[in-house]
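Trainee: Could you walk me through how to read the contacts in a model like this? I would like the general idea and then the case at hand.

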Amino acid sequence: MDADSEPLPPVTVGSERVRAVLGLVLIALACGLGAWVFFRRPTPFAIDVWWNQLFAAAPLQPLLTLALVMNQIGGYITAILIVPVGGALALFLSGRRWAAVYFLAASAGSALLVQVLKHTFGRARPEDILVLSDYGSFPSGHTANAATIAVVAAIVFPSVWVRIAGAAWILLMAFSRTYLHAHWLSDTVGGALVGAGAALVLAAAFSRLRVHDQDRATLRRARRSRDATAPTSL
């Protein structure tokens, strides 16, 4: 869709302050959950054990294939480079230049925060893990990345359907991580909190700059409207 075909969402001081506070609260909740995990170790939560045991039998091939695809999409070079750069390029070409920078910053900020928490809490992964993964089970980097993408998309494209698709993407990623026994269920909760929190905080930080995207879009719409109504010279 052309970036000029519909107005961009308004940016107000009040709404961005709410986003910043909410983002910080979500990150604080993730840190609190991580601290709870740290002081309980090595014992996982009862719900973690129950959820992990639901998939203790031999995995169903269709679900295993889906989980492995999600594993590849949500991590490695795909999540680190292809998705952030590709998404930012698409936003830039659509006229949302500062939204593109915001997406890159949110992706980098979320990934950095995930690594800090992983190395702070050092939680062990489930023993029956089916894929290779990096150090630290809490929080889930794949789920954090999915939450970051979902929140950025919801802010840049404020549509109910975008929000529904984003929520579904987060849940699907969280399911895939636990189906592969790569994470405990609480790891995915922590990842969702971190990813969403980072995206909200940086949305507030980039709010004034994103206004320039709105201004450019407004000017282009006015110019196109003027050109369309201008008399044609014979």
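Trainee: Let's begin with charged side chains. Which residue forms a salt bridge with D134, the closest N and O atoms being 2.8 Å apart?

Mentor: The general idea is that side chains of opposite charge can pair when their charged atoms come close. Here the partner of D134 is R125. Do keep in mind that this is a predicted model. R125 counts as buried because its relative accessibility is 15%, under the 20% limit. D134, at 41%, counts as partly exposed.

Trainee: What other salt bridge does D134 form?

Mentor: D134 also pairs with K118, and there the closest N and O atoms are 3.7 Å apart. K118 has a relative accessibility of 2%, so K118 counts as buried.

Trainee: How many salt bridges are there in total?

Mentor: The count comes to five. Another of them joins the side chains of D187 and R123, at 2.7 Å from N to O. D187 belongs to helix α8 and R123 to the loop between α5 and α6, so this bridge ties together parts that are 64 residues apart in sequence.

Trainee: Are D187 and R123 buried or exposed?

Mentor: D187 counts as buried, at 0% relative accessibility. R123 is buried too, at 9%. Salt bridges with shared partners also bring in D48, joining D48, R123 and D187 into one network.

Trainee: Now the aromatic residues. How do I describe a pair of rings?

Mentor: You give the distance of the centres and the angle of the planes. A search of the whole structure finds nine aromatic pairs. Take W36 and F45: their ring centres are 4.8 Å apart and their planes stand at 70 degrees, over the 60 that edge-to-face requires, so that is how the pair is classed.

Trainee: Let's turn to the nonpolar core. Which residues of the largest one touch the most other members?

Mentor: This core has 34 residues, and those with the most contacts to other members are L91, Y102, V151, V152, I155 and V156. Several helices contribute: α1, α4, α5, α6, α7 and α8 each supply at least two residues. Apart from this core lies another, of seven residues, including F55, A67, V131 and Y179.

Trainee: What does V151 touch, leaving aside residues up to four places away in sequence?

Mentor: V151 touches A196, A199 and L200.

Trainee: And how do I read a helix such as α6?

Mentor: An α-helix has 3.6 residues a turn, so residues three or four places apart point the same way. Then check length and cover. As for cover, α6 is mostly hidden, with 13 of its 16 residues buried.

Notes. Residues are numbered from 1 along each chain as its sequence is written. This is a predicted model: local features need pLDDT of at least 70, side-chain atom pairs count only at pLDDT 80 or more; totals for chains, interfaces and linings use all residues. Side-chain values use heavy atoms; hydrogens and water are left out. A nonpolar core is a set of buried Ala, Val, Leu, Ile, Met, Phe, Trp, Tyr and Cys residues joined through side-chain atoms within 4.5 Å. Buried means under 20% relative accessible area, exposed over 50%, partly exposed in between (1.4 Å probe, protein chains only). Helices (H or I, at least four residues) and strands (E, at least two) are DSSP runs, numbered from the N terminus. Contact means heavy atoms within 4.5 Å. Rings of Phe, Tyr and Trp (its six-membered ring) pair if their centres lie within 6.5 Å; planes under 30 degrees apart count as stacked, over 60 as edge-to-face and the rest as tilted. A salt bridge is a side-chain nitrogen of Lys or Arg within 4 Å of a carboxyl oxygen of Asp or Glu.
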